[in-house]
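Good morning, and thank you for joining.

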Amino acid sequence: MRGNGDEWVFAPDGRRFWGRFGAAGLLVHHADLGVLMQHRAEWSHNGDTWGLPGGARHEHETALEAALREANEEAGVPAELVSVQFSSVLDLGFWSYTTVVVRALEPFEPVISDRESIALRWVAAELVDALPLHPGFALSWPALRARLDGADAGGPATDVRTPKSRA
């Protein structure tokens, strides 16, 4: 597919980042189940670590659209069962990564639907740090968790379900 963004971007210092148009991931949180974590395949960049479902943005795709698409492709996350809480952006100037944080409105069972996952698991927020985390997620997790705790206390939400599915 033309414009799908599936290629490396190189930093001036030689580091590489996945996604020609940037990347996005979905942090799904459920009050009782915890945070949906993905054990990344060993062959992937920073493989055999735990992180969020996500990946390269397509050309003209918003970060929200990319995060929802990738989470559905990699973990079977149903977009109609999540409510957007907030997003956090790492912008390096030449590349960016957006973490979209959503609340699961109902429990659902994640499904491994491609070869990018070894496992998918709901993990209590206080236990996420105990996993061998993807380096980028490990750096962002403390701030995300602090904001997540605030969002769980009744922060603003945006419903991404279609009007028909809300009825």
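Helices here are DSSP runs of H or I with at least four residues, and strands are runs of E with at least two, both numbered from the N terminus. On that basis the protein has three helices and ten strands. Along the sequence their order is β-β-β-β-β-β-α-β-β-β-α-β-α.

Some conventions first. Residues are numbered from 1 along each chain as its sequence is written, and side-chain values use heavy atoms, with hydrogens and water left out. This is a predicted model, in which local features need pLDDT of at least 70 and side-chain atom pairs count only at pLDDT 80 or more, while totals for chains, interfaces and linings use all residues.

How confident is the predictor? Its confidence in each residue is pLDDT, on a scale from 0 to 100. The average for the protein is 88, and 88% of the residues score at least 70. Over residues 153-167 pLDDT stays under 50. Where pLDDT is low, the predicted coordinates should not be read in detail.

I turn to the largest pocket. On a 1 Å grid over the protein atoms alone, a pocket is an open set of points where a 1.4 Å probe fits, with protein on both sides within 12 Å along at least five of seven lines; lining residues have an atom within 4 Å of a point. The volume, which is the space filled by probe spheres set on points joined across faces, edges and corners, is about 1,100 Å³. Of its 40 lining residues, Trp-18, Arg-40, His-45, Tyr-97 and His-134 are the closest to the centre. Which element supplies the largest share of the lining? That is H2, with six residues. Other elements giving at least two residues include strand S4 (34-40), helix H1 (63-75) and strand S8 (96-104).

Next, the interior. Buried means under 20% relative accessible area, exposed over 50%, and partly exposed in between, with a 1.4 Å probe and protein chains only. Buried residues make up 46% of the 167 residues. A nonpolar core is a set of buried Ala, Val, Leu, Ile, Met, Phe, Trp, Tyr and Cys residues joined through side-chain atoms within 4.5 Å. In the largest core, of 20 residues, those touching the most other members are Leu-26, Val-28, Leu-36, Val-77, Val-102 and Phe-108. H1 gives the most to this core, six residues. A second, separate core has 16 residues, among them Leu-27, Ala-125, Val-128 and Leu-133.

Contact means heavy atoms within 4.5 Å. Beyond four places in sequence, the contacts of Val-102 include Leu-26, Val-28, Val-82 and Val-84.

Gly-5 lies in the segment before strand S1 (8-10) and counts as buried because its relative accessibility is 3%. Gly-5 and Arg-57 are 52 residues apart in sequence, yet their C-alpha atoms are 5.9 Å apart.

Most residues other than glycine have a negative phi. Asp-48, in the loop between S4 and strand S5 (50-51), has a positive phi of about 60°. His-60, in the loop between S6 and H1, also has a positive phi, near 70°. Asp-48 is partly exposed, at 38% relative accessibility, whereas His-60 is exposed, at 75%.

Definitions and conventions. pLDDT = per-residue confidence, 0-100.
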